[in-house]
Amino acid sequence: SNNKSDSRGALIVLEGLDRCGKTSQCSRLLSYLEELGHSVESWRFPDRSTGVGQMISSYLTQKSQLDDHAIHLLFSANRWEKRSLMESKLRSNTTLIVDRYSFSGVAFSSAKGLDLDWCKAPEAGLLAPDLVVYLDISPEKAAERGGYGGERYEQLEFQKKVALSYQMLRDDTWKVIDATLPVEDVEKQLRQTVLECIQICEKGKPISELW
Ligand code: 2DT
């Protein structure tokens, strides 16, 4: 229906390899939407501020070791602990721009060799994004940008495997943007698809779940 009460915020997810420019595009998009007067928040996963998030952070910064399955489930739990807040934000008309989501979860863990369906299972029932934007860059070009920190996963050989996993997950509902274009061009394409998505959600598109 077109009831104003069905209007809701959009769940917009940005995905891509490390150094693809995701994080800076998220913050540019946030300011742009705020200037237009939208109610919008910028989120990221992992959310390192929670108890689970601190365990994840210590794993990523190599301060702890965890079984591949165990860390996978912690990343998933980190999304589950935010699910109800996420839903209430969307229902109260706030758009969420999310830097990484379940697709990162599946892409990174399956790149280690974990079974794809096993990786997807704990994500089932989380909120489905209204838009997934993939900032496309080759692992080699991303590595040339430099600035890989010392965190786990920030290595060319592993990023190549992650790129292949993302390719398997991608479907034609994803908006793929060439991340090697100038920042302003990426930003322009991103703004356009995001505004379209927000409009559809304002008209009362139902909230759905993965997968
Ligand atoms: P940032 O550098 O964006 O903070 O990400 N990751 C992320 C996973 O392995 N599984 C997940 O579910 C998520 C959300 C990607 C930190 C690293 O954590 C990886 C990079």
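This is a predicted model: local features need pLDDT of at least 70, side-chain atom pairs count only at pLDDT 80 or more; totals for chains, interfaces and linings use all residues.
Local features need pLDDT of at least 70 and side-chain atom pairs count only at pLDDT 80 or more, while totals for chains, interfaces and linings use all residues. Residues are numbered from 1 along each chain as its sequence is written.

Helix α9 covers residues 183-202; helices here are DSSP runs of H or I with at least four residues, strands are E runs of at least two, and both are numbered from the N terminus. V186, L190, V194, C197, I198 and C201 of α9 are buried, meaning that 20 or more other C-beta atoms, placed from the backbone, lie within 10 Å of their own. Down the axis of α9, these buried residues fall within an arc of 100° (taken from the directions from the helix axis to the C-beta atoms), so they line one face of the helix. On the other side sit E184, D185, K188, Q192, Q199 and I200, which are exposed (12 or fewer such atoms).

Then there's the largest nonpolar core, with 42 residues. A core like this is a set of buried Ala, Val, Leu, Ile, Met, Phe, Trp, Tyr and Cys residues joined through C-beta atoms within 7 Å. I12, V98, V133 and L135 have the most contacts inside it, and α9 gives the most to this core, with six residues.

As for the ligand, F45, P46, L60, F75, R100, S104, G105, F108 and Y153 surround it, each with its C-beta atom, placed from the backbone, within 6 Å. Helix α5 (residues 102-111) supplies the largest share of this shell, three residues.

How values were computed:
The expected span of a helix is 1.5 Å times one less than its number of residues.
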